[in-house]
Amino acid sequence: MRSDPGVRFLLLVAAAFLTAEAQQPASPYAGSEACQACHEDIYNAFAKGAHRGIENDEKHGWKGQACESCHGPGQKHVESAAAADIQNPAKMGAAQADKVCLSCHLHEPTRVGRLDSGHAKNQVACTACHKIHTTGPELTALRKASTINAQCTSCHQGVWAQFQKPFRHKLPEGAMSCVDCHNPHGNIRPAMMQTFAANEPGCFQCHGDKRGPFTFEHGPVRFEGCGTCHEPHGSSNPRMLVRHEVRLVCLECHASLPGAGPGGVIGVVPPSFHDLRSARFQNCTVCHQKIHGSYVDRNLLR
Amino acid sequence: MKLSLTLIAILPALLAQQPPAPPQAPAPASASPPPAAAATADTSPAPAESWLTGSIDLGYRFSTGVGGSFDAYRSIVNLGEGPKLLGADFTLTDPKHRLFDQVRVRATTWGGEPYSTFHLDAGKARRYLFNADYRDVAYFNFLPSYADPLLGRGIVLNEQSFDTRRRAASFRLELLPGNWFVPYLAYDNDSGSGTGATAFVSDANEYPVPTNLRDSTHLYRGGVRFELRRFHVTLEQGGTTFKDDQSLFQNSGVQNPGNALTPVFGETLSLNNLLAAYGVRGTSIYSKGLMTASPASWIDLYGQFLYSQPDSNVHYQHAATGNLFAQDQLLFYTGEEYLLTAAAKLPHTTASFGAEIRPLHRLRIVESWMTDRMHSAGSSSSTLALSGLGVSEQTAALLASSLANNYNQQEIDAFFDATSKLTFRGGYRYVWGDANYAVLPAEGLVSSDQGKLRRHVALGSVSFRPNHKLWISGNIEGASSSGVYFRTSLYNYQQFRAQVRYEISSSLNVAADFSLLNNQNPTAGIKYDYLARQESFSLFWSPGGGKVWSVEGSYTRSDLRSDIGYLSPQDFQSQTSSYRDNSNTATALLNAKLPSRAPFALKMTAGGSLFVSSGSRPTRYYQPLASLWLPLGKHVNWFAEWRYYGYGETFYLYEGFRSHLVTTGLRFSR
């Protein structure tokens, strides 16, 4: 029987497809179930964590492959059981580890401050703070004040030492956490300070009475912030001041001496009748009590 | 306290309730391999899990009393006796996901405590997230050494003392979390109220008087987030309202001599009656726009635009009687009435834009630019009427004020990955700005000021991580300025920080941290010399995974030296403001589980912190603690804790205190 050339061509094409399919390499991905077989504890922890949704999520294209969304293709590792055959973000350099996280988290509001973030500039990886496999109430993002503080101060030990001073914000007591004042993802303000009402210093979140705007402002509060006069982490001096006597905090700027540079410096001249040998004048804020700015008096007296 | 009682009341009910039936057809947690449905379980708890997990700590605190200055104790520690809700941390899980998947609640120290917190997180996957946060913090400050001009007369009265509470509440609702379109709404409230002492300044004398403080700020905001694969945009609009109703008063029948010791022209000044009231009302609006984008695989863009315009309106008045004196007119009078209306507004614009460019596999270049511009304008209109002793004089004044700051910053950083374990960064930042401040009409020596900011900063850092056990990092900044706003501003400075973390073994971790800031302003008339240095070392040792004992500790030494010249205002003699602070801080915590044949082993914790400083204000502050934990049953632990607070100052011995506090209670958990 002579077959039709058209039929022979179709059979040839079909055979080629079937052969090609048979020769297609196996997927490098093993699937989360394969991971669970050996890493059951981690798998179970992951199933309770913030990333658990990836396993079902169509959006990022990792359905059924949540483990491999961070660890990369796992089939080779499944076959060899060798640690070298799979990537581990916890053991990577910061840039490489961040790349894994940012493949999903780049386009989120937390990333906007990245350019100003000291953490990003100093190669502190996302995984330095965020534990992906952790179980318990403190999951990927820490929430409890004491846990957040412990996390931050594991690197910022010197700052924690400042919080052992008598005059401080109440962090050791668990009433506040580092992220109440700092945004660890970066912010426009120095030291990654939080902001209030868009672009005002985060201090005003709690100290609303210092916010103003005042009819008569005190320049340093606006120009260089609360840290000009206060040590917010803690101080030996009452009111967390940077100096042991209030008058010295004031006189270091209001010095009666000419300023520097072509534009000079601001606020060098105080009134001349203050006799600092008298107890009356040794604490300037007894009279200049509205030192953060006054609604009423140009000399900040009331 | 109400919350404590409520929780105490509902606790037995919570513990008595049986957990609801497990979800239908759950997959066994240990099944291997599991059915796909179980593997992809989004929020369903494992069948063995309870619908309620967590703990609540109830107890009673005893105090031995305070030896030494009770006011200093309240200013620093302020813990009291009585029944307390010491802590609560629990999670409610709804296996059927009806109204929520989980609700997490945390609370700390309720029951007359100086700082109480409550936090709630609730959410349902892809439907909503809700957070509520409440804090109530006592602010007591009464330290005679701080502001007591009368101390020489034996009168202990801090003229800047407070006994107030600040309360902050915050609520946030986010809809459709995880979606590409996420709307959200939030409300924040911050308020303060209480009493204090302050000085009423009346030209030639100032009179300490009681004050009532009351202020509140409400913040309302809402916005949307668009989160897509290649870009993200957040748009937020918000507004605030503010009010401040502080008042000062002194009732009739009291003759307040004030702070001035010497009679004026033979007459003793006094304040006999006072009522002063502030009525401050403020509003603001703000807008916020955030953006990230990845137009190509080698570039990411970031930007934000922030605008706010707070304003305030003020009505202030005071009426005072006494024997008062106007220095500029050399005039005695017996009555003073002052009325003022004022207004101010502060438009404030901030914008930043930047890009991360990756031209090569190992090279990243980050360029950023930021500007921050605020221009404040205020005006006031006031009338002062003096009366008595044949005087009847009325003075009106109109004042205008302005404050402006235009700050700009540009920075470029290059990151080079020499290897996958070693990264270098080099960069340059240029900061420039101008500021001015004026009050018109000019009066006395102060009318207007101007300043310019010009600073060049060189940046560098290195990060080395040869393996996951060792991490070494260092960064350095060096700056040169040709203009700054204030005498104490950073001028020519060098900043350095180095950190090492090393995991010696699976049970022993050590870390060291060194930082230094050297700031010099050699300009004639300033001569500012500042050096701060800090070294820290910490250790965490937990043999056997800490099952029997573990210890963690840290030690920090810091030295601060600051010298800057000034002229004393009374005689214009050259003086130096010198500040020294050399401090040693140690913290330690030992956790041990005492051996026991009983099924329940006693756990012990001991440690605390120690701070000692020398220099301008030598201070000692000790906070040792020890605690015991004994399980009484599967769900109940007994605990007891001892804390000691000891504070002392070399120059102000009368402000030292010491106190022992013992707290005991029960932790209920499930």
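# Reading a two-chain model

Visitor: Where in chain B is B:P441 found?

Guide: B:P441 sits in strand 17 (residues 422-443) of chain B. Helices (H or I, at least four residues) and strands (E, at least two) are DSSP runs, numbered from the N terminus. The bond between B:L440 and B:P441 is a cis peptide bond, with omega about 0°.

Guide: Some ground rules. Residues count from 1 along each chain as its sequence is written, while chains are lettered from A and ligands numbered from 1 in the order written. The model is predicted: local features need pLDDT of at least 70, side-chain atom pairs need 80 or more, and totals for chains, interfaces and linings use all residues.

Visitor: Which residues does the cis peptide bond in chain A join?

Guide: Most peptide bonds are trans. In chain A, A:G212 and A:P213 are joined by a cis bond, with omega about 5°. A:P213 lies in the loop between strand 2 (200-201) and strand 3 (216-217) of chain A.

Visitor: What is the phi of A:R239 and of B:D203?

Guide: Most residues other than glycine have a negative phi. A:R239 has a positive phi of about 60° although it is not a glycine. Phi of B:D203, also not a glycine, is positive and near 60°. A:R239 is in the loop between helix 11 (219-223) and helix 12 of chain A. B:D203 is in the loop between strand 7 (181-202) and strand 8 (205-227) of chain B.

Visitor: How many C-beta neighbours do A:R239 and B:D203 have?

Guide: A residue is buried with 20 or more other C-beta atoms within 10 Å of its own, exposed with 12 or fewer, and partly exposed in between; C-beta atoms are placed from the backbone. A:R239 has 18 such neighbours, so it counts as partly exposed. B:D203 has 16 and is partly exposed too.

Visitor: Which residues of helix 6 of chain A are buried?

Guide: A:A94, A:A97 and A:D98.

Visitor: Which residues have the most contacts inside the largest nonpolar core?

Guide: Nonpolar side chains tend to be buried together in soluble globular proteins. A nonpolar core is a set of buried Ala, Val, Leu, Ile, Met, Phe, Trp, Tyr and Cys residues joined through C-beta atoms within 7 Å. The largest core here has 59 residues, and B:F200, B:L274 and B:Y485 have the most contacts inside it. Helix 12 (residues 246-251) of chain A gives the largest share of this core, 5 residues. Apart from it lies another core of 16 residues, among them A:F214, A:Y295, B:Y278 and B:L346.

Visitor: How many residues does each chain bring to the contact between A and B?

Guide: Two residues are in contact if their C-beta atoms, placed from the backbone, lie within 7 Å. Chain B brings 156 residues and chain A brings 106. Strand 12 (residues 299-326) of chain B gives the most to chain B's side, with 11 residues.
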